[in-house]
Amino acid sequence: MSVRVLLAAVMTLMLWPELALAQASIPLLEVQPLPGGGSTYSLGIQILIVMTLLTLLPAALITMTSFTRILIVLAILRQALGTAQTPSNQIILGLALFLSLFIMAPVLEQAHQQALVPLLNEEIAFEEALSVAQGPLREFMFGQTRENDLLLFAQLGGYEPFASRDEVPLVVLLPSFLTSELKTAFQIGFLLFVPFLVIDLVVASVLMSMGMMMLSPMLISLPFKLMLFVLVDGWSLVATTLVSSFTV
């Protein structure tokens, strides 16, 4: 019985190319015009478009959301605490990601209702849906971008003064938004760093006055900084500050 099964498997492998050629071929690249003037794409092109958009998701997450500010503030906070790799990079990235989703939820919901739902219902074309989806994201970025940064990049790009926000291109808005986010993140990080710096200075002064110059001040100040951070419910305060900083 096993010999028959083995022979059947060998014959199947030998006839596999003929069987594959006998099947109906699936068109990978095909564009069919629609009566209304649009066009429909084959499954291969749709999959290619979706995979391309997925590769752009990390860049969009960094350049068009609150992720950058949150990640920088959490990294500065860990440096101020002096806890080396605790919490780990994975935890910081996860916390920054989910805080970003919490902050961007109204924006994403608005883009979903205005662009994705009409696109799935075939009420608007893909190009129009893409343009409509930019609206909520642009409003969010304008709410966090400083006017001086917009003027700076407009001058660097050789653009004339813009009459309205709709005239500002993404090539000007994106670097302006990122620059403003970096400024705000470092401002928040500085305010978080000061209390822990004071503790380090006090501990270092006490050790110097006691003649313990060979003892590392960071080793002694770390428990005090952790105790202070826990007593004031530091993680909740940091999360509240970050979320509140994005209110327009």
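Predicted model: local features only at pLDDT ≥ 70, side-chain atom pairs only at ≥ 80, totals over all residues.
Residues are numbered from 1 along each chain as its sequence is written, and side-chain values use heavy atoms, with hydrogens and water left out.

Let me begin with Ser-66, which sits in the loop between α2 (43-64) and α3 (67-81), where helices are DSSP runs of H or I with at least four residues, numbered from the N terminus. Ser-66 has a relative accessible area of 0% and is therefore buried, a word that stands for under 20%, with exposed meaning over 50% and partly exposed in between, for a 1.4 Å probe and protein chains only. Setting aside neighbours within four places in sequence, Ser-66 is in contact with residues including Ser-100, Phe-140, Glu-181 and Phe-246, contact being heavy atoms within 4.5 Å. Although Ser-66 and Leu-242 are 176 residues apart along the chain, their C-alpha atoms are separated by 9.2 Å.

Next comes helix α7 (residues 170-209), which holds Thr-184. Is Thr-184 buried or exposed? With a relative accessible area of 13%, Thr-184 is buried, and, neighbours within four places in sequence aside, Thr-184 is in contact with Arg-69 and Arg-146. Leu-191 is found in helix α7 as well, but Leu-191 is exposed, because its relative accessible area is 61%.

Turning to the backbone, I would point to two places. The peptide bond that runs from Thr-86 to Pro-87 is cis, with omega near -5°, and Pro-87 belongs to the loop between α3 and α4 (89-120). Asp-233, which is not a glycine, has a positive phi of about 55°. These two deserve a mention because most residues other than glycine have a negative phi, and most peptide bonds are trans. Asp-233 lies in the loop between α8 (217-231) and α9 (234-244), and Asp-233 is partly exposed, at a relative accessible area of 43%.

Finally, which helix gives the most to the lining of the second largest pocket? That is helix α6 (residues 147-156), with 5 residues. A pocket here is an open set of points on a 1 Å grid over the protein atoms alone, where a 1.4 Å probe fits, with protein on both sides within 12 Å along at least five of seven lines, and lining residues have an atom within 4 Å of a point. The second largest pocket is lined by 14 residues, and among those nearest its centre are Glu-147, Leu-150 and Phe-162.

Technical notes. Helix = DSSP H or I, 4+ residues; strand = E, 2+ residues; numbered from the N terminus.
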